Amino acid sequence: MESVFKILPDFIIIMQLLALIKNTADSLEKFDLLFEQIQEDLAQAIDFLDEQFSFLLIDICIKNNDSKKIDKIAYLFSTKQLLFSASCYGKLFSYYALTKDVAKIDQLFEELKKEQVELNEATYGCLLEAYMNCNKAEKVILIYNSSSSKLKPFNVIIFTTLIRAYAKTNHFDKVMELFSEVNANQAMKLNVIAYNALLDCCVRCEQYATMEKILTNMLEEKAKKDNPLEPDLITYSTIIKGLCKSEQMVKALNLYEEMKQKEILLDEVVFNSLLDGCAKHDHTIDTAVKLMKDMATYKIKCSNYTYSILIKLYAKHKDVDKALGVYEEMKSNKIAPGVVVFTCLLQVCIKNKMIDKALELYNDMKKSGVLPDQVSYNTIINGCIYSGKLLAACEAMNEAITRNVRLADDIYNNVLRNLLTYRKMTDPQKHMYGSLVCNYIALHKINVSKEHYNQVLTTYVLPQAAPVADPNIYIGYQNPMEYGYYYPPYQQPDPMAYYQYPPQPYEWTGYY
């Protein structure tokens with residue numbers, strides 16, 4: 001007994017000190033000073049640990065984003081064959097969800113199952129939410145379905161997480177089944193977050209009629225005296241998005257006016273949904289202009305996504321000058337256009353047969369440090385091909401392959417077909433790009449025309465068909481000529497990937 005009383009006071013003092021420093025601005029620095037002492041005392045006083053102390057330790061570590069100390073505490077607990085409390089596990093699930101550390105969440109969950117720790121509603125909710133926030137919707141559904149019905153905790157938070165998981169996996173029938181169960185169980189009242197999740201699910205699954213029914217249910221619940229339910233910005237924003245997607249622009253604009261009358265704080269998402277609806281459903285340009293003026297009134301800045309919608313809107317009304325004017329406005333406002341804006345501009349120019357302007361924008365894109373994506377490459381390459389600029393198309397394809405960006409299958413087929421008929425490229429150039437595209441097609445089993453592939457292969461790629469030319473024609477490239485024929489001048493992570501000659505054969509089963 002004597003040794004116990006010698007240890008216990010120090011243990012209590014440390015816990016009191018931790019509680020004092022928890023909410024101080026320099027808690028990390030103070031915690032570091034205490035931690036070494038804590039480790040020594042914990043090793044001796046571990047038998048006196050309670051839930052409050054372990055929760056306090058973990059809480060301070062999480063607040064200071066110190067995963068190393070969490071691991072040390074967990075190791076110390078394991079050496080004494082002790083476990084964190086259910087509340088501590090809940091805290092840890094939430095923390096590792098923020099850091100997107102699925103492996104840690106899995107490890108903790110397996111530990112819980114192994115030690116048969118009983119989960120309370122809060123911890124169970126944290127577990128499901130952690131997996132959901134790590135984009136593991138299937139895991140959420142699996143855990144919920146595998147839990148015993150007698151032991152399965154259920155509250156509004158768990159309900160909301162399940163709705164999000166079912167929406168992500170397109171199980172709309174399960175969403176409605178769960179909603180019906182909750183409606184039948186009058187003991188649990190849904191809050192605005194739960195209703196917002198339901199509405200978002202309806203929009204994602206394109207169930208717009210059901211969306212309006214759920215909104216009606218929400219308003220009916222709001223009318224009850226004992227339910228302080230009030231639609232918020234997210235509620236209105238989600239409904240407006242659904243109405244715009246279902247071509248109900250009049251209703252969407254009326255709801256927008258209602259938001260203004262109720263002085264609900266507007267955000268960029270609301271305006272983007274409305275502008276996108278105007279662009280997709282042939283609404284007047286005047287409506288979009290009015291919305292843009294409202295954005296300025298509410299001091300909401302346009303994002304790259306907003307500008308891309310405006311470009312599409314002007315393009316749809318065949319006002320190319322204003323679409324390009326959006327780009328100039330962004331530059332004058334020192335707003336860096338992103339890949340979405342540049343891609344929209346490329347599509348506008350190519351659709352209006354302005355290939356030189358498209359190439360100018362494509363070069364601006366690369367100079368500004370914006371890397372083209374698959375859609376950008378598909379757009380510029382096809383645009384160049386159909387505008388009679390095959391060399392520019394091949395150069396863009398070269399860049400895409402160098403960056404390992406897989407293009408649409410028809411792009412490679414278009415390049416093959418045009419290599420056979422295009423007269424403004426030299427045979428060495430056709431050999432170089434023919435070798436590149438044939439090797440890439442064979443390596444990645446791309447679905448192209450067998451006839452076009454073999455014609456390019458035999459006409460321009462095989463050694464006997466490749467003319468010997470001045471190797472200086474490819475200054476700046478590595479190994480321009482070897483064994484009497486040209487290799488594609490590209491430096492890949494795996495240099496042999498596209499240099500193999502002749503191209504790797506493969507079975508054409510299933511290809512046209």
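What follows is a walk through this predicted model, from the whole chain down to single residues.

Start with the overall build. The protein chain holds 25 helices and zero strands. Of its 512 residues, 48% are buried.

Next, confidence. The chain averages a pLDDT of 78, and 74% of the residues score at least 70. Helix H21 (residues 374-386) has the highest mean, 95, while helix H1 (residues 2-21) has the lowest, 49. Within residues 1-9 the pLDDT is below 50, and this stretch makes four contacts beyond near neighbours in sequence. Residues 464-512 also have a pLDDT below 50, yet this stretch has 103 contacts in the model beyond near neighbours in sequence. Where pLDDT is low, the predicted coordinates should not be read in detail.

Now go to the interior. In soluble globular proteins, nonpolar side chains tend to be buried together. Here, the largest nonpolar core has 148 residues. Phe-159 and Ile-381 touch the most other members of that core. H11 supplies its largest share, nine residues. Take Ile-381 as a guide to the surroundings. Setting aside residues up to four places away in sequence, Ile-381 touches Ala-393, Ala-396 and Met-397, along with Leu-407, Ile-411 and Val-415.

H12 covers residues 208-223, 16 residues in total. From first C-alpha to last it reaches 23 Å, close to the 22 Å expected at 1.5 Å a residue. Which residues of H12 are buried? They are Tyr-208, Thr-210, Met-211, Ile-214, Leu-215, Asn-217, Met-218 and Glu-221. Viewed down the axis of H12, these buried residues fall within an arc of 165 degrees, so they line one face of the helix. The face turned away from that buried side carries exposed residues: Ala-209, Lys-213 and Ala-223. The buried residues pack against three helices: H10 (172-184), H11 (192-204) and H13 (233-245).

Move to Ala-165, in helix H9 (residues 156-168). Buried or exposed? Ala-165 counts as buried because its relative accessibility is 0%, and the cut-off for buried is under 20%. Its contacts, leaving aside neighbours within four places in sequence, are Met-132, Ala-137, Val-140 and Ile-141. Ala-137 is 28 residues from Ala-165 in sequence, but their C-alpha atoms are 4.6 Å apart.

Tyr-314 sits in helix H17 (residues 304-316). Its relative accessibility is 15%, so Tyr-314 counts as buried. Beyond neighbours within four places in sequence, Tyr-314 is in contact with Ile-285, Asp-319, Lys-322, Ala-323 and Val-326. Tyr-314 and Ala-288 are 26 residues apart in sequence, and 9.9 Å separates their C-alpha atoms.

A buried polar residue comes next. Asn-413 belongs to helix H23 (residues 409-421). Asn-413 counts as buried because its relative accessibility is 6%. What lies 2.8 Å from a polar atom of the Asn-413 side chain? The backbone nitrogen of Ser-449 does.

Finish with two loop residues. Most residues other than glycine have a negative phi, and most peptide bonds are trans. Glu-263 has a positive phi, near 60 degrees. Glu-263 is in the loop between helix H14 (249-261) and helix H15 (268-280). With a relative accessible area of 71%, Glu-263 is exposed. Lys-318 also has a positive phi, about 60 degrees, although it is not a glycine. Where is Lys-318 found? Lys-318 lies in the loop between H17 and helix H18 (320-332). Its relative accessible area is 73%, so Lys-318 is exposed. H17 is also the helix that holds Tyr-314.

Notes
Residues are numbered from 1 along each chain as its sequence is written. This is a predicted model: local features need pLDDT of at least 70, side-chain atom pairs count only at pLDDT 80 or more; totals for chains, interfaces and linings use all residues. Side-chain values use heavy atoms; hydrogens and water are left out. Helices (H or I, at least four residues) and strands (E, at least two) are DSSP runs, numbered from the N terminus. Buried means under 20% relative accessible area, exposed over 50%, partly exposed in between (1.4 Å probe, protein chains only). Contact means heavy atoms within 4.5 Å. A polar contact is a pair of N or O atoms within 3.5 Å; within protein, one must be able to donate a hydrogen and the other to accept it, and residues adjacent in sequence count only if both atoms are side-chain atoms. The expected span of a helix is 1.5 Å times one less than its number of residues. The arc is that of the directions from the helix axis to the C-beta atoms. pLDDT is the predictor's confidence in each residue, from 0 to 100. A nonpolar core is a set of buried Ala, Val, Leu, Ile, Met, Phe, Trp, Tyr and Cys residues joined through side-chain atoms within 4.5 Å.
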